Amino acid sequence: MNIYAYIVAGVLVVLGGVGIARSRDLVHAIVCLSVSQSGTYVLLLAIGFQQGAAAPVFGSTSKPTKNVVDPVVQAMTLTDIVVSATVTALLLALAIQIAKTHGTVDPDELTALEG
Amino acid sequence: MSRSLRWVVLGVGVAGIGVVLLLAFLGMPDFGSTHHPYRDLAVPAAVRHGTANVVSSVNFDQRAIDTLGEETILFGSVLAVAALLRPADDEEQQQDPGSRVPLQATRLFGYVLMPLTLVVGIDIVVHGHVTPGGGFQGGVVLATGLHLLYVAGRYRSMERLRPMPLVEVSEAAGTAAFAALGFAGIGVTGSFLANVLPPGSFGQLFSAGAVPLFNVAVGLAVASGCVVMLAKFFEQVFLVRNEGDGR
């Protein structure tokens, strides 16, 4: 049984989470969230992988065959990446606003709720 | 919560998640095995609809409702970034952004690669159903190509090349076109997002039914969305706060 790729995915997710928890900078926390999400890409692609199989794209020379890696998880990974990119942009915009209104991006110093 | 207590909570949480993940991984199908039930259903379905790129078929035909959701997330994020990053009352646009001139080699790089990247981006969008690629990937390439002008130190030219009102409209139009294609499915077959066009000949440009149209709609929305978001971030860089402000 070979679960090495799954372990890599799990480690990435957990490391990202640890990074967020010990973060002293909101931008650092946002990058850590991206690291955590990359773990989910690795997990999805690892689930769809098949030893020696081709990519799920056919052409005039490669006739359709079922001997390809799983296209469904690849499509999900694409969705995952798009969502990750947009959420990162949104969080960075929030970080800019927080830096403007509070003068700091250290989560530990952001204690009070402020309008 | 004190810092040391936070470490304890974090340690317990990480250990717990680690154990749960490990147990789950041990019960999963072998890595690289031949057991892929979804693949066995998705590949014949894609071939039936004449789509050579099975991933595109999954995204824009078999599970298009998911992609509509994804598209909506993108649209919502662009709206939110635009709303969050609008200039405040006490901020002004600086007059001369990007007055620093980059290295000549960098400028040459920008000038040469910008048209090339735009062509590659269009190619990736249009051929998304026959080769690896599609609207999302091609849209990002298109937005990147445009911003190579900024790398080349021509921020003003880039601004002229992307008139913001037009880009904002095309972002909305791309998203609306996706939904309209969905309603076309209701009109023709009675099912939302059904592939209503004939599948065409496998592996050719005109194949896969409505998938190329979905790709173009998404490409338009993603390219414009990226441009809008980056424009808002650029504005922030070039904003100056007026004097006499307390905070």
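**View 1. Gln236(B) and the residues around it.** Leaving aside neighbours within four places in sequence, Gln236(B) is in contact with Ile96(A) and Leu85(B); two residues are in contact if their C-beta atoms, placed from the backbone, lie within 7 Å. This is a predicted model, in which local features need pLDDT of at least 70 and side-chain atom pairs count only at pLDDT 80 or more, while totals for chains, interfaces and linings use all residues. Residues are numbered from 1 along each chain as its sequence is written, and chains are lettered from A and ligands numbered from 1 in the order in which they are written. Gln236(B) counts as partly exposed because it has 16 C-beta neighbours inside 10 Å. A residue is buried if 20 or more other C-beta atoms, placed from the backbone, lie within 10 Å of its own, exposed if 12 or fewer, and partly exposed in between. Glu92(B) is 144 residues from Gln236(B) in sequence, but their C-alpha atoms are 9.9 Å apart in space.

**View 2. Helix α9 of chain B, residues 211–237.** Gln236(B) belongs to this helix. Helices (H or I, at least four residues) and strands (E, at least two) are DSSP runs, numbered from the N terminus. From first C-alpha to last, the 27 residues of α9(B) reach 39 Å, close to the 39 Å expected at 1.5 Å a residue; the expected span is 1.5 Å times one less than the number of residues. Of these 27 residues, 20 are buried, and the helix is mostly covered.

**View 3. The largest nonpolar core.** This core has 68 residues, and Phe214(B), Ala217(B) and Val222(B) have the most contacts inside it. Helix α9(B) gives the largest share, 14 residues. A nonpolar core is a set of buried Ala, Val, Leu, Ile, Met, Phe, Trp, Tyr and Cys residues joined through C-beta atoms within 7 Å. Beyond four places in sequence, the contacts of Ala217(B) are Gly135(B), Gly174(B), Ala177(B), Phe178(B) and Leu181(B).

**View 4. The side of chain B that touches chain A.** Here 44 residues of chain B are in contact with 41 residues of chain A. Helices α1 (3–26), α2 (37–48), α3 (54–62), α4 (64–84) and α9 of chain B each supply at least two residues of this side. Its residues divide into 25 nonpolar, 11 polar and eight charged. Ala, Val, Leu, Ile, Met, Phe, Trp, Tyr, Cys and Pro count as nonpolar, Asp, Glu, Lys and Arg as charged, and the others, Gly among them, as polar.
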